[in-house]
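This report describes selected features of a predicted model.

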Amino acid sequence: MYKKKKLRSGAALLLTNLVFIIAVCVFIFSGIGASAAVFSGNFNYKEFFKPRGTSSAEESAAPEGLKKVLKKTLGEGIFLNNSSGIELDFDAVATVLPALKAKSAEGPEVLVVHTHTTEAFMTRDDGFYNPETYAGRSTDMSKNVYTLGEVFCAELEKNGIKTVHDDAINDHPNFSGSYTKTAKVIEYYLKKYPSIRVVIDLHRDSLTIENGSKYRPVAENGAAQVMIVAGCYKGGLDHPDYKENLRFAMLWQRQMQGNNKTLARPLSFVKYRYNQHLTTGSLILEVGADANLLPEAKLAAKESATALAEVLKTLP
């Protein structure tokens, strides 16, 4: 019923109790214990994405009828944007490790899916785009987010994390109901592989400001910037364990910022659950935006997977 990738084989995870305890202690005392310094405040995207900082010279550089692509690093030094409608002590939330399903010696640990599989990227760097013709979508699996999933899984495998990557196109020909389709895909894999404890729904973002210009978010090393999205119940659907997903998101966010301080845009804590109720390790990862180039996005997928592997190796 579902298009599936063959289960990847990975190196067996052989951690002794002693190594595990040391790893967790190091992680806690070097990371979570310093959370007060990490959470540097809320970040208001609606305010930030007003066209301030976009000069008339930048706009006039685009040919008539076209819109400018603005290459920028967004949200540096900011940890989290809370638009969930829930007031939390995020420092307190971060002092507890997330309750993921226990590790299994057999089977995949991470499932990667794509609710909006056809999300794609700019094919060249012209510095502008045509808003009447640019769609940012493709059913070519070598050009859309599926190919990022391949990079992401390969990096996890390289780091000893077994993965399975689904290749269903859930947003074409009908975009409506994409998340419902993806929920069925996730449930299929959770039943087939009870070892799965992390589900990453890999997307790409779209950042268009009020004057029609698009942001092309890039880290200092040239990778596209990424954004983790964690949801809750405020959208009207049950999500009783949302804090576990949020804790997991915080660990991953911190690890990415530790590896590459400008890779991650602020973690987005939102009111919708986006199928994250299915496991306590379920999150959305937005890799780049529709104005980024595919090589930038591939580098970002690789670096975010490296950080995820580092986090998973510290968790029971």
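## Backbone geometry

Pro173 sits in the loop that runs between β5 (163–165) and α7 (178–192). The peptide bond leading from His172 to Pro173 is cis, its omega being near 5°.

Although Tyr274 is not a glycine, its phi is positive, at about 50°. For context, most peptide bonds are trans, and most residues other than glycine have a negative phi.

## Packing of α6 and α9

Two packed helices are described by the distance between their axes and the angle between them. For helix α6 (residues 145–158) and helix α9 (residues 294–312), the axes come within 8 Å and cross at roughly 35°. The crossing of α6 past α9 is right-handed.

On the α6 side, the contact is formed by Thr147, Leu148, Val151, Phe152, Glu155 and Leu156. The α9 side contributes residues including Leu294, Ala297, Lys298, Ala301, Lys302 and Leu308. Sorted by class, the contact between α6 and α9 comprises ten nonpolar, three polar and three charged residues.

## The largest pocket

The largest pocket holds about 320 Å³ of space. Its lining consists of 16 residues, and Phe121, Met122, Thr123, Arg124 and Tyr134 are the ones nearest the centre of the pocket. By class, the lining of the largest pocket has eight nonpolar, four polar and four charged residues.

## Confidence of the prediction

The chain has a mean pLDDT of 85, with 80% of its residues at 70 or more. Over residues 6–59, however, pLDDT stays under 50. For this stretch the model has 97 contacts beyond four places in sequence. Where pLDDT is low, predicted coordinates should not be read in detail.

Note on methods: Residues are numbered from 1 along each chain as its sequence is written. This is a predicted model: local features need pLDDT of at least 70, side-chain atom pairs count only at pLDDT 80 or more; totals for chains, interfaces and linings use all residues. Side-chain values use heavy atoms; hydrogens and water are left out. Axes are lines fitted to C-alpha atoms, for helices over the stretch in contact, and angles run from 0 to 180 degrees between N-to-C directions. Helices (H or I, at least four residues) and strands (E, at least two) are DSSP runs, numbered from the N terminus. A crossing is left-handed if the near helix is turned anticlockwise from the far one by less than a right angle, and right-handed if clockwise. Contact means heavy atoms within 4.5 Å. Ala, Val, Leu, Ile, Met, Phe, Trp, Tyr, Cys and Pro count as nonpolar, Asp, Glu, Lys and Arg as charged, and the others, Gly among them, as polar. On a 1 Å grid over the protein atoms alone, a cavity is a set of points where a 1.4 Å probe fits but cannot get out, and a pocket is an open set with protein on both sides within 12 Å along at least five of seven lines; lining residues have an atom within 4 Å of a point. Grid points are joined across faces, edges and corners, and a volume is the space filled by probe spheres set on the points. pLDDT is the predictor's confidence in each residue, from 0 to 100.
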